[in-house]
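Work through the following exercises with the sequence and the model side by side. Each task is followed by a solution in steps.

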Amino acid sequence: MGEDKNAVIRRMADLLRAGATMLQERCPICGSPLFRLRNGEVVCPIHGRVYIVRSDEEAAKITLKGVLEKLEESIVFKLNSLQRRVNEGGVEEAREIIAWLEALERIERLVSPPTSPKKAEDKG
Ligand SMILES: [Zn+2]
């Protein structure tokens with residue numbers, strides 16, 4: 001364990017030399033003190049970039065985002081398999097597809113809320 005610890009200390013020294021500041025927060029994975037780099041990024045000397053969660057609300061948001069992203073993947077997968085069944089025709093399939101698309105749309109809205117909507121209207 002001794003050598004590992006030395007490596008971590010050396011890494012911390014490197015971070016400090018690079019102008020990083022030691023924070024009060026600790027790495028949620030290993031408990032090492034975290035450092036804020038000059039560019040604002042927060043890193044653990046062992047794990048590299050980490051997310052600091054300041055409140056339960058923020059934690060919930062991060063978790064929600066993770067869940068939504070996974071959900072999005074599953075829905076795309078689902079749509080893909082539904083698409084193959086569309087040829088056999090069926091209102092059921094169509095309804096299912098619409099429902100999944102709606103779900104996707106909602107997820108999309110939650111994951112990346114629209115920032116300044118740009119209208120690409122080219123008129124000579
Ligand atoms: Zn860590």
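**Exercise 1. Chain layout**

How many helices and strands does the secondary structure of the protein chain come to?

Solution. The model is a predicted one, in which local features need pLDDT of at least 70 and side-chain atom pairs count only at pLDDT 80 or more, while totals for chains, interfaces and linings use all residues. Residues are numbered from 1 along each chain as its sequence is written, and side-chain values use heavy atoms, with hydrogens and water left out.

Step 1. Apply the definition: helices (H or I, at least four residues) and strands (E, at least two) are DSSP runs, numbered from the N terminus.
Step 2. The protein chain has three helices and four strands.
Step 3. Along the sequence these follow the pattern α-β-β-β-β-α-α.
Step 4. Of the 124 residues, 20% count as buried; buried means under 20% relative accessible area, exposed over 50%, and partly exposed in between (1.4 Å probe, protein chains only).

**Exercise 2. The sheet**

State the order of the strands in the open sheet and the sense of their pairing.

Solution.
Step 1. Two strands pair if DSSP finds at least two bridges between them.
Step 2. The order of the four strands is β1-β2-β3-β4, with antiparallel pairing.
Step 3. β1 and β4 each have a single partner strand and stand at the edges, so one side of each lacks a neighbour in the sheet.
Step 4. Two bridges join β3 and β4 in the antiparallel sense. Here Val-43 stands opposite Arg-49 in β4.

**Exercise 3. The zinc site**

Which residues coordinate the zinc ion?

Solution.
Step 1. Count as donors the N, O and S atoms within 2.8 Å of the metal (3.2 Å for Na, K and Ca); water is not among the atoms, so sites may look incomplete.
Step 2. The zinc ion is coordinated by Cys-27 (SG), Cys-30 (SG), Cys-44 (SG) and His-47 (ND1), at 1.9 to 2.3 Å.
Step 3. The angles among the four donor atoms are 103 to 114°, which makes the site tetrahedral (for four donors, all angles between 85 and 135 degrees).
Step 4. The spacing of the donor residues in sequence is C-x2-C-x13-C-x2-H.
Step 5. Cys-30 is in the loop between β1 (21-26) and β2 (33-36), and His-47 is in the loop between β3 (42-44) and β4 (48-49), so this pair ties together parts 17 residues apart in sequence.
Step 6. Cys-30 is partly exposed at 33% relative accessible area, and His-47 is partly exposed at 34%.

**Exercise 4. Salt bridges**

How many salt bridges does a search of the whole structure find? Describe examples from a helix and from the sheet region.

Solution.
Step 1. The criterion is a side-chain nitrogen of Lys or Arg within 4 Å of a carboxyl oxygen of Asp or Glu.
Step 2. The search finds five salt bridges.
Step 3. One of them joins Asp-14 and Arg-17, with the closest N and O atoms 3.4 Å apart. Both residues lie in helix α1 (residues 2-17), three residues apart, or about one helical turn. Asp-14 is partly exposed at 35%, whereas Arg-17 is exposed at 65%.
Step 4. Another joins Glu-92 and Arg-95 (3.3 Å, N to O). These two are three residues apart in helix α3 (residues 91-111), and both are exposed.
Step 5. Glu-41 forms a salt bridge with Arg-49, at 3.7 Å between the closest N and O atoms. Glu-41 is partly exposed at 28%, and Arg-49 is exposed at 62%.

Conventions
Tetrahedral: all angles 85-135°; square planar, octahedral: opposite > 155°, others 65-115°.
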